[in-house]
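Here is a short briefing on one model. Please look over the sequence and the fold before reading on.

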Amino acid sequence: MNHPENATVFLKDVARAKWHDETLWIVREKRDATIHQIPEWEELRELASQIKDHTLSKLDFYLEELEKNATANGIKVHWAENAAEHNQIIGKILEEKNCKDVVKSKSILTEECHLNPFLEEQGIDVVDTDLGERIIQFLKQPPSHIVMPAIHLKKSDISAIFHERLHTEKGNIDPVYLTHAARLHLREKFLQAKVAITGVNFAVAETGEFVICTNEGNADMGVHLADTHIACMGIEKLIPRRKDLGVFLRLLARSATGQSITNYNSHFRSPSPGKELHLILVNNGRTKQLGREKFRNSLKCIRCGACMNTCPIYRRSGGFSYGSTVPGPIGSILSPGIDLKKYSTLPFASTLCGSCSDVCPVKINIHEQLYEWRQEITKAQGSSLKGLSMKLADGIFTSPLAYKISGQLMRASLKTLPDSIIYNPLNVWGKGRNLPELPTESFKDWYKKNRNRA
Amino acid sequence: MSSKVSILAAIKGLNLEEKPLPDIPDFAVATDLVETYTNSLNGNKGTVVSKEELEQLIAESEFPKIYSSSLTFEKFTNCQLPLHPAGFADLDLAIIEGQVASAENAAIWLDESNLDLRAIPFITAHLVIVIRKENIVGNMHEAYERIGMTKSGFGVFIAGPSKTADIEQSLVIGAHGAMSLRVVIL
C-alpha cells in the first residue's frame with residue numbers, strides 16, 4: 001500500500017479529480033454555513049470531546065452497564081475480540097435462522113471486518129441497502145468515503161451499472177430516475193429479507209439502547225420488516241447518558257453534510273414482540289489503541305467524515321488512495337495502529353495544515369497525531385533517503401566553507417542539469433514539486449556589493 | 001477465556017485515570033418556535049400544512065390506502081392494521097401523532113405509543129405527523145429533557161422525507177422511505 005502511487009492513479013483523470021476536489025469542498029462549505037447558525041457550536045464540540053474522553057477513561061464500566069441494561073431490555077449481547085469472531089457470530093445466527101438473504105445498512109465496522117466476503121463464501125446473498133453502497137457493491141468496489149461511499153463515481157458510471165444490473169434505460173443519467181429504479185429494486189429485497197444487519201452510531205449505557213442515523217431510511221426499512229436485527233458496533237461507540245445524544249445528534253449531521261440532523265434517528269431499546277435483536281460489541285484492536293496514550297483519543301471519532309471533506313490531500317487523491325477502510329485524515333491515524341508497516345505512507349499523506357482538527361466535532365487533534373505517527377514510522381523504518389539527505393544537510397550547515405561552496409555549486413548545477421536528473425525516481429521530493437527560480441548570486445555576495453550604499 | 005473477559009481485562013489493565021463527565025448546560029433557543037420549526041422543516045424538504053389543507057389534500061388526491069393512528073384524523077383510516085408490516089407495502093398515506101418537536105432541526109419524536117407498527121413511518125409512501133404547538137421545544141437538549149427516561153422499545157426522531165444525494169451529490173427525495181413529509185401543527 002503506497003499512498004502517493006495510488007494518488008497518481010486517481011489524478012490521471014484530471015477533470016474527475018477536479019470535480020471530486022470541488023464537490024467535497026462544497027460539502028465543507030455547507031458545514032460552515034450550518035454551524036454558524038449555532039452560537040454554542042464550539043461549546044458543543046468541547047462537551048462532545050469531554051463526554052467521549054470520560055467514556056473512554058471508564059470504558060470497561062460502561063460496556064458492562066450497556067450489556068446489563070441491554071440484556072434486561074431483551075437484546076442479546078455478544079462480544080467479539082476480532083473481525084473473525086464478529087463474522088462467525090453473524091454466520092452462526094444466520095445458520096440458526098436458515099437465512100440465505102440478508103439486507104445490510106451502512107456500517108463501516110462490517111467493512112473493517114470484511115463481513116460481506118465472509119458471508120458470500122457461505123452462500124449468503126448480502127444486499128447493501130444504502131444507495132451509494134448498493135452502487136459500489138454492483139461495481140465490486142469498497143466505499144471511497146465513509147459518509148458518501150460513491151463520491152468517486154459520476155452519473156454516467158451509475159447509469160451504466162444500473163443499465164446492466166437493473167435494466168434501466170441505456171444512457172439515462174437522471175438522478176431521480178436512477179434513484180427510483182433503486183427504490184423499486186431494494187423494496188423487493190426489504191420485503192423478502194428475514195434478517196437485517198446494521199451498524200450503530202451511538203449506544204447509551206444507562207438505557208441499554210442504541211441509535212442509528214440515516215437519511216434514506218434504509219436501516220429502518222430493513223430491520224422493521226425482518227424478524228431478526230443484528231447490530232454491530234465498535235466498543236468505542238458508547239456514551240453514558242441518553243441526554244448526551246442531544247449533544248452528538250446536534251454535531252453529527254451538521255459536521256457530515258451541513259444538514260441540521262439526519263432525517264431518521266432511530267433508537268432501539270428492545271425487540272418487537274416475537275422478534276430478535278442482537279448487538280455485537282467488537283474490539284478488533286480498539287483496546288490496543290486505547291493503550292497508546294498519544295493516539296487514544298482517535299477513538300472519540302463519530303465517523304462524520306468532516307476531516308475528509310476539508311482535507312486538501314483527500315480531496316485531491318480520492319478515498320481509494322488510502323487503501324484502508326477509513327480513508328482521509330482520521331483513517332491515517334487509525335490505520336497505522338492496525339498495521340504500521342502496511343499503512344506507513346498514510347501519516348505522510350497530509351500537509352499538517354490542521355484543518356481536520358479544526359472541523360472535528362469531537363476535537364480529535366488529528367494533525368498532531370499524524371505528526372506523531374510520522375515519528376513512530378521513522379523510528380520503525382530506520383534510516384531513509386530523506387534521512388540521509390538530512391544528515392548531509394547537517395554537515396553542510398555546520399561548516400561555513402562547505403555552506404559557501406555548496407551554494408555556488410547548487411546555483412551552477414541546477415541551471416545546467418537536465419530535468420531527468422533533478423526529477424529522478426530517487427528524489428521523492430521532486431515528485432509533483434517544481435524548484436523555485438534560482439537567484440544569480442547568493443545573499444552574501446549581494447550584501448558585500450550593497451552594504452556601503454546609503 | 002471468553003472475549004468479554006479478555007476485552008474487559010485489557011481495558012482494566014490500562015488503569016486509565018478517570019476524566020470528568022461534563023454537565024450539559026441550557027442554551028438559548030429561538031423565541032418564535034413555530035416559525036423556526038417551519039423554516040427548519042423546509043430546509044429538510046418537508047412542509048407544514050394546516051389541518052384544513054391536509055383534509056383538502058386527502059379529499060382531492062388519490063390516496064387509496066390511508067392509515068391514521070392520530071385520533072384527530074382517525075376518520076380517514078380505510079384499512080386494517082396488518083399482522084405483518086409487509087401488509088403495508090402499498091400504504092399510500094400514514095398519519096401519526098408526534099410527541100415532541102425540536103425547532104432547531106424540525107425533528108419530531110415518535111415512539112411505540114404513537115406507532116401501531118414500527119415500520120409505518122418508513123414503509124408508507126407519504127407521511128403526515130401531527131404535533132401540538134405546546135410540544136415544540138427549542139433544541140435537541142430540551143427535546144431529550146421532555147422525553148426523559150420514558151421506556152419504549154423503539155423511538156425515532158423524524159426530521160424530513162427519505163432522501164439521498166448518493167448520485168453525484170444531487171438531492172433526490174424518496175430513496176426508500178416516505179416520499180414526502182407534511183407536518184400539521186395543532
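Predicted model: local features only at pLDDT ≥ 70, side-chain atom pairs only at ≥ 80, totals over all residues.

Residues are numbered from 1 along each chain as its sequence is written, while chains are lettered from A and ligands numbered from 1 in the order in which they are written.

**Chain B**
- Chain B holds 5 helices and 11 strands (DSSP runs numbered from the N terminus: H or I of at least four residues, E of at least two).
- The C-alpha trace spans about 65 × 45 × 40 Å along the principal axes of chain B.
- Of the 186 residues in chain B, 47% are buried (20 or more other C-beta atoms within 10 Å of the residue's own, all placed from the backbone).

**Interface**
- In chain B, 59 residues are in contact with 65 residues of chain A (C-beta atoms, placed from the backbone, within 7 Å).
- Helix 1 of chain B gives the most to the side that touches chain A, with 9 residues.
- Strand 9 (residues 264–268) of chain A runs antiparallel to strand 8 of chain B, joined by 5 bridges (pairing takes at least two DSSP bridges).
- Val156(B), in strand 8 of chain B, stands opposite Ser266(A).

**Core**
- The largest nonpolar core has 161 residues (buried Ala, Val, Leu, Ile, Met, Phe, Trp, Tyr and Cys joined through C-beta atoms within 7 Å).
- Met233(A), Phe248(A) and Ile129(B) touch the most other members of this core.
- Helix 12 (residues 244–256) of chain A supplies the largest share of this core, 8 residues.

Terms used:
Buried ≥ 20, exposed ≤ 12 C-beta atoms within 10 Å, placed from the backbone. Contact = placed C-beta atoms within 7 Å.
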